[in-house]
Amino acid sequence: MGTRMRVPTALTGTQVDRVAFDHQVHLLLRSKGEGGRGVEAELILETPFLLRDAAGHGHELEPGTGVRLAPVLDLLGQSVAAVDVQYLGTLTIEFQDGTGLRIEPDPHFESWHLTGSGVNAITVGPGGEEDWEV
């Protein structure tokens, strides 16, 4: 039995401070906590994901596709309202403006990972990860 993976609920209340693209999509998420204890985390998306914009339109996006990733730029400045991880590592993030992001585990590749301070590091590898807990 492996280590239980914690849902990164510390991301709730963070704000998207930077969006960057290369062969991955990078989101820098920050919050100011009490006593200087905030969150500064980088979420890296490596496989196709779904972005639902504030108007409710879905965008199937894939890292490394250049200008097609433009809808992700609307996340800049948005605050995270809720975070959940289900099944083998399907990450869902809801933002204050109604935008949503969803990325599922990929059968062959690492799909997403999270690093930084104020959060537990998470990597969802090929096929996903078991034993998620809140």
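**Close-up views of a predicted model**

**Figure 1. E94 is partly exposed, with a relative accessible area of 27%.** The model shown here and in the views below is predicted. R52, the partner of E94 in this view, also counts as partly exposed, at 30% relative accessibility. The side chains of E94 and R52 meet in a salt bridge, with 2.6 Å from N to O. E94 belongs to strand β8 (residues 90–95) and R52 to strand β5 (residues 49–52), so this pair ties together parts that are 42 residues apart in sequence. In general, side chains of opposite charge can pair when their charged atoms come close.

**Figure 2. R30 and D17 form a salt bridge between their side chains.** The N to O distance is 3.5 Å. R30 lies in strand β3 (residues 25–31) and D17 in strand β2 (residues 15–21); the pair therefore ties together parts that are 13 residues apart in sequence.

**Figure 3. A salt bridge joins the side chains of E40 and R30.** Here the N to O distance is 3.4 Å. Because E40 lies in strand β4 and R30 in strand β3, the pair ties together parts that are ten residues apart in sequence. E40 has a relative accessible area of 39% and is partly exposed. R30 also meets D17 in a salt bridge, and D17, R30 and E40 are linked in a network of salt bridges. The structure as a whole holds five salt bridges.

**Figure 4. The largest nonpolar core contains 32 residues.** Which members touch the most other members? They are L43, F49, V72, L101 and W112. Strand β4, residues 39–45, gives the most to this core, with four residues.

**Figure 5. W112 and the residues it touches.** W112 is one of the core members that touch the most others.

Notes. Residues are numbered from 1 along each chain as its sequence is written. This is a predicted model: local features need pLDDT of at least 70, side-chain atom pairs count only at pLDDT 80 or more; totals for chains, interfaces and linings use all residues. Side-chain values use heavy atoms; hydrogens and water are left out. A nonpolar core is a set of buried Ala, Val, Leu, Ile, Met, Phe, Trp, Tyr and Cys residues joined through side-chain atoms within 4.5 Å. Buried means under 20% relative accessible area, exposed over 50%, partly exposed in between (1.4 Å probe, protein chains only). Helices (H or I, at least four residues) and strands (E, at least two) are DSSP runs, numbered from the N terminus. Contact means heavy atoms within 4.5 Å. A salt bridge is a side-chain nitrogen of Lys or Arg within 4 Å of a carboxyl oxygen of Asp or Glu. Lists of a residue's contacts leave out its neighbours within four places in sequence.
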